[in-house]
Amino acid sequence: MNIQNSKALFEHANTLIPGGVNSPVRAFKSVGGDPIFMSWAKGAYLYDEDNNHYVDLINSWGPMILGHANEEVEKAVFDAVKSSPSFGAPGRREVEIAELIIEMVPSIEKIRMVNSGTEATMSAIRLARGYTGKNKFIKFEGCYHGHGDPFLVAAGSGAATLGVPDSLGVTVGTSIDTLLAPYNDLSGIDRIIAENENEICAIIVEPVAGNMGCVPPNDDFLKGLRSRCNAHQILLIFDEVMTGFRLSPAGAQGLLGVKPDITTFGKIIGGGLPVGAYGGSREIMNYVAPEGPVYQAGTLSGNPVAMAAGMAILKKLNGHPEIYEQVEQTTLQITEGINKILSHQGLNYTINQIGSMYSLFFTDQKVTNFQKAKTTNIELFGAYFRGMLSRGIYLAPSQFESLFISIAIQSAEVDLILKATDEVLLEMNGKGYTH
Ligand code: KE4
C-alpha cells in the first residue's frame, strides 16, 4: 500500500506539532508504523492522502454513528456557518439542543454545553464538589475521563486507593482527592467508602467502559453504585462522552436502566464538531454559574455551528430505535464472524461487545477490568492492527480502545472486515504469533 504522502506529512508534522499529532493515540505509538493522514471521508470509508481507502471502525472515536459526511449534518453546518460561525451571545440553537437532549435523556432537567468531553467531566467534578461540600471522588482504573488533572492519576502502590499523578505536570495536590477502584468491583467501592466516610462527593464511571477496550458493566455493578451513592449521599456521575446517544437514544443509562445524578456528554452531540455537555437535576445544575456558585465558562460554548451539527445528528437518532438495532446487528455479524475465524486459529482471544461497541483482546482471560485487559498480547494486537490496516480496515490504533460501528457499515463492509481478519490471522499464525 503506497502511503508516501502520509509519511511525508508525518515527517513534516513532527517538526511542527508534538509527536506530529494533535492527540496522542493518533500517533500509532502502541501498534507500530506511522499514522495515516486522512484527506476525506464518506459513509463507511476514510480516504487517505495517497487515495487509499479504509472501512472505518473508529468513526472519529464515536461521533460518526450515521457514517461520515452525513448529508443532513452537512447541510445544517453549511446553513449555520452562513449566519457567522460564532456570536459570543446566546442563540436559538442552544435552546433547541438543550430541549432535545432533555427530552431524550430522562435523568436530565438542565444542561450546560461546553467544548469537549474533558471540559464536561472537569466541570461535573467541580459541580459535585460544590454541591456536596466534599472534595474526594472515586474513579475506576482503566476509565478515561479526558485530560483534566484530577483524572490523570494511576493506582497507587498495593492496596492503596489514593491516586498518584499519572502525568508530569499533575501535582500531588490535584490528585490527592482522587480515589481509584477496580471496575466491576463493588467490594472495592465499599472499602473505599468506609475508609473515606463523609468525604466523597462523587463516583464517576464510564457506564460501559471504552477506554480499556470495550468492557461492559457486570449485571449488578451500576445498580450497586447507585444504591451505595444513595446510602452515602454521594453523587453518581455517568461519563457518557462515548456511550451517550451511542448505545440508545438515552445512552447507556437508557439501555441499562440506571439513572445517574449527573451525566457528561461529548462526541455524538457535536456531530463531529467540538462539543461537550454536562447535565442533571434542576437542583444540582442550578449550582452552576451564573445561577449558582460553581463557576464554569467557555468562549465558544453553545457555538451555533456546532449546535446545528449536534441538532442534526440527534434529530436523526431521536425516536429511531431501528438505527440502534441496525448498528447492533452489524456489530454482532462482525463479532460472530471474528469468533468463527479465531476459534480455528488456536490463538487466545476474547471479544467484548455491547450495542455498536466492541473490542478484540488477545488473552485467555475474560476482560472485566483493566488488570484483565492488560493481560492481552500487545505484540499480537499490533500485528493484527497493521495487517488489517494494510488490507484497508481502519481499527483503533490501541488495544485499549473500543471500536464503533456506524449505520453506513453494511454487509459488503462486514465481508471485507471478516475476509481481512481471516487473512491477517492466518498470516500471523504462519509467522508464529501464537500465544
Ligand atoms: P474529549 O476531551 O477528548 O472530547 O473527551 C474526553 C473523554 C471523556 N470521557 C470519555 C469516556 C472519553 O472516551 C473521552 C475521550 N475519548 C478518547 C478515546 N478513548 C478520545 C480520543 C483521543 O483522546 O484522541
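The legends below describe close-up views of a predicted model. Residues are numbered from 1 along each chain as its sequence is written, and side-chain values use heavy atoms, with hydrogens and water left out. As the model is predicted, local features need pLDDT of at least 70 and side-chain atom pairs count only at pLDDT 80 or more, while totals for chains, interfaces and linings use all residues.

**View 1. The shell around the ligand.** The ligand is surrounded by 16 residues, where a residue is near a molecule if one of its heavy atoms lies within 4 Å of it. Ser23, Thr118, Asn211, Asp239 and Glu401 are the closest. The shell has 5 nonpolar, 7 polar and 4 charged residues; Ala, Val, Leu, Ile, Met, Phe, Trp, Tyr, Cys and Pro count as nonpolar, Asp, Glu, Lys and Arg as charged, and the others, Gly among them, as polar. The ligand lies between domain 1 (4–69 + 321–430) and domain 2 (71–317), because both give residues to this shell. Domain bounds come from an automatic or database domain assignment.

View 2. A polar contact here is a pair of N or O atoms within 3.5 Å. A polar side-chain atom of Asp239 lies 2.7 Å from a nitrogen atom of the ligand. For Glu401, an N or O atom of the side chain is 2.7 Å from a ligand nitrogen atom, and for Lys267 the corresponding distance to a ligand nitrogen atom is 3.1 Å. Taken alone the ligand exposes 540 Å², of which the protein buries 85% (Shrake-Rupley method, 1.4 Å probe).

**View 3. The second largest pocket.** The volume of this second largest pocket is about 450 Å³. On a 1 Å grid over the protein atoms alone, a pocket is an open set of points with protein on both sides within 12 Å along at least five of seven lines, a cavity is a set of points where a 1.4 Å probe fits but cannot get out, and lining residues have an atom within 4 Å of a point. Grid points are joined across faces, edges and corners, and a volume is the space filled by probe spheres set on the points. The second largest pocket has 23 lining residues, with Pro90, Glu94, Arg112, Ser301 and Gly302 nearest its centre. By class, 12 of the lining residues are nonpolar, 9 polar and 2 charged. At least two lining residues come from each of α3 (92–104) and β4 (110–114); helices (H or I, at least four residues) and strands (E, at least two) are DSSP runs, numbered from the N terminus.

**View 4. The largest cavity.** The whole structure holds 2 cavities of 30 Å³ or more, and the largest has a volume of about 80 Å³. β14 (357–361) and α13 (378–390) are the elements that give two or more residues to its lining, and β14 supplies the largest share, 3 residues. Among the lining residues are Tyr358, Phe381, Tyr384 and Glu401. Glu401 is also one of the closest residues to the ligand. The lining of the largest cavity comprises 7 nonpolar, 3 polar and 1 charged residues.

**View 5. The second largest cavity and Asn198.** About 30 Å³ of space lies in the second largest cavity. Its lining includes Lys134, Asn198, His232 and Ile234, and by class holds 3 nonpolar, 3 polar and 3 charged residues. Asn198 lies in the loop between α6 (186–195) and β9 (200–205) and has a positive phi, near 65°.

**View 6. The cis peptide bond at Pro290.** The bond from Ala289 to Pro290 is cis, with omega near 5°. Pro290 lies in the loop between α9 (282–285) and α10 (304–317). Most peptide bonds are trans.

Note on methods:
A polar contact is a pair of N or O atoms within 3.5 Å; within protein, one must be able to donate a hydrogen and the other to accept it, and residues adjacent in sequence count only if both atoms are side-chain atoms.
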